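Subject: A structure to look through

Hello,

I am handing over a structure for you to look through, and my notes on it follow below. Please keep the structure open while you read, so that you can find each place as it comes up.

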Amino acid sequence: MDRTTALALLPVALLLVGLAAYALVRLARAERAPYLPKWVWAPLIVLSMPWGAVAYLLLARGSTGPVTAGGAVPPTTPPAPPVLSPGPQSGTDAPMVATHGLTRDYGAGAGLFGVDLRVPRGVVYGLVGPNGAGKSTLLSILTGTRRADSGTVELGVPRTAVAVCPDVPEFEPWLTAYEVVDLARHYVAPRLGPGAVWDALRLTGLGDAAGRRVGGFSRGMTQRLGLAAALVGDPELLLLDEPTSALDPAGRAEMLDLVAAMRGRRTVVFSSHILADVQRVADHVGVLRAGVLLYQGSTRTLVDEHLAPRWLIRLSGAAEDVAGKLRAQPWVRRVELRDAGEIRVDADTMRHGERGIPEVLASCGAGLVACEPLAADLETAFLALTNGQEPS
Ligand SMILES: Nc1ncnc2c1ncn2[C@@H]1O[C@H](COP(=O)(O)OP(=O)(O)OP(=O)(O)O)[C@@H](O)[C@H]1O
């Protein structure tokens, strides 16, 4: 080869080497490679220049795309890149979701401020807060559809193992339910067969509606379809925005059972304004107010911490004596004498009640039927934390 030909071919050679180098860098940074192990891709890229590099870049692009709303329809415009430092974390104790100082300031006090979220693996995590607390902002940053001003998000799984379901999922009205979920399968889990589509439809109670066009679906059915589309890829992390908002009581109960059954197998983060629902299925809870995470941890602990020091006493005989003696105790705040020998007592502290009530009952020789602390619920704890602001 003469010098002139060699010089003419130099840019092409540089381009091929550059392409291979770029593919190798992408491969090295990827958590896992599409279809083949990483150690197979590396020599393939080098030895079959440029075809190995081209094939890798095309396939990798398809397999690491953004998580789709409802897991079904690819977004028409790419979402703004969130502040993300994904990378799976090692060890079973590593949280499934961890944010560090997540901030999105909309101005005038609205937004999200320094949120350090920790979602352990395998839990059902309920996100609650009053109107405008920042729940949607937080969820949309986690899903990658909104950008944070500062802070980071770490996910314990690749983004391909994350599925999202918005509160009002939207689908092309002329598609059937089967086609919607099948489309999601093609996009997020082509390795799975049509059986996965049927499983997801049946699980969400849409097996009989598989052939119906979704344009005629009610809001509740559309919400279930969104969940089916999200579940078809067998995600490890499921992010649900108000999953029960459009459902009637029976549909809500079914959806909650479905979510509860995922505990241990998947990690579910869901926002809800129905605190009874959250208390029923969420073993962990995060309480947001004005963009600040006021509490996160076990739902049980939150409720227990706000147990009202209040007891219900049932007596077999006349309760007036006992009520009178209780009123005379310095640690008793309030005594309510009810019909049928029932007394409700508010004490200063749980400890005072636990010790003082049995003493008073014994000193009166009262015929005791029952004496039980009145359980607080998540609503009580929530209102105490948020200064009486209603959840929304
Ligand atoms: N794009 C935006 N630009 C400016 N302000 C916004 C924007 N999005 C949300 N906000 C404001 O940020 C605050 C938090 O909103 P966000 O929707 O995250 O709260 P939320 O807890 O989901 O409320 P809701 O329960 O009412 O849906 C609100 O005051 C809202 O008005």
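In which hand, left or right, does α5 pass α7? Please bear in mind throughout that this is a predicted model. The crossing of α5 with α7 is right-handed, and the axes of α5, which covers residues 177–188, and α7 come within 8 Å and cross at roughly 35°. Both of those values are worth noting, because two packed helices are described by the angle between their axes and the distance between the axes. On the side of α5, the contact is made by A177, V180, V181 and A184, while α7 contributes L225, A228 and A229. Sorted by class, the contact of α5 with α7 has 7 nonpolar residues, with no polar and no charged ones.

The next place to look is the ligand. Of the 12 residues around the ligand, those that come nearest are Y106, A110, G132, S136 and T137. By class, the shell around the ligand is made up of 8 polar, 3 nonpolar and 1 charged residues.

How many of the 9 residues of α4 are buried? The number is 8, so α4 is largely enclosed by the rest of the structure. The buried residues of α4 are K135, T137, L138, L139, S140, I141, L142 and T143. After α4 comes G144, whose phi is positive, near 90°.

Two further residues deserve a careful look for their backbone angles. Most residues other than glycine have a negative phi. D234, however, has a positive phi, near 55°, although it is not a glycine, and D234 sits in the loop between α7 (219–231) and β7 (237–241). E242, also a residue other than glycine, has a positive phi near 45°, and E242 is found in the loop between β7 and α8 (249–261).

Is each of these two residues buried or partly exposed? D234 counts as partly exposed because it has 16 C-beta neighbours inside 10 Å, whereas E242, with 20 C-beta neighbours inside 10 Å, counts as buried, since a residue is called buried if 20 or more other C-beta atoms lie within 10 Å of its own.

With best wishes

Note on methods. Residues are numbered from 1 along each chain as its sequence is written. This is a predicted model: local features need pLDDT of at least 70, side-chain atom pairs count only at pLDDT 80 or more; totals for chains, interfaces and linings use all residues. A residue is near a molecule or strand if its C-beta atom, placed from the backbone, lies within 6 Å of it. Ala, Val, Leu, Ile, Met, Phe, Trp, Tyr, Cys and Pro count as nonpolar, Asp, Glu, Lys and Arg as charged, and the others, Gly among them, as polar. A residue is buried if 20 or more other C-beta atoms lie within 10 Å of its own, exposed if 12 or fewer, and partly exposed in between; C-beta atoms are placed from the backbone. Helices (H or I, at least four residues) and strands (E, at least two) are DSSP runs, numbered from the N terminus. Axes are lines fitted to C-alpha atoms, for helices over the stretch in contact, and angles run from 0 to 180 degrees between N-to-C directions. A crossing is left-handed if the near helix is turned anticlockwise from the far one by less than a right angle, and right-handed if clockwise. Two residues are in contact if their C-beta atoms, placed from the backbone, lie within 7 Å.
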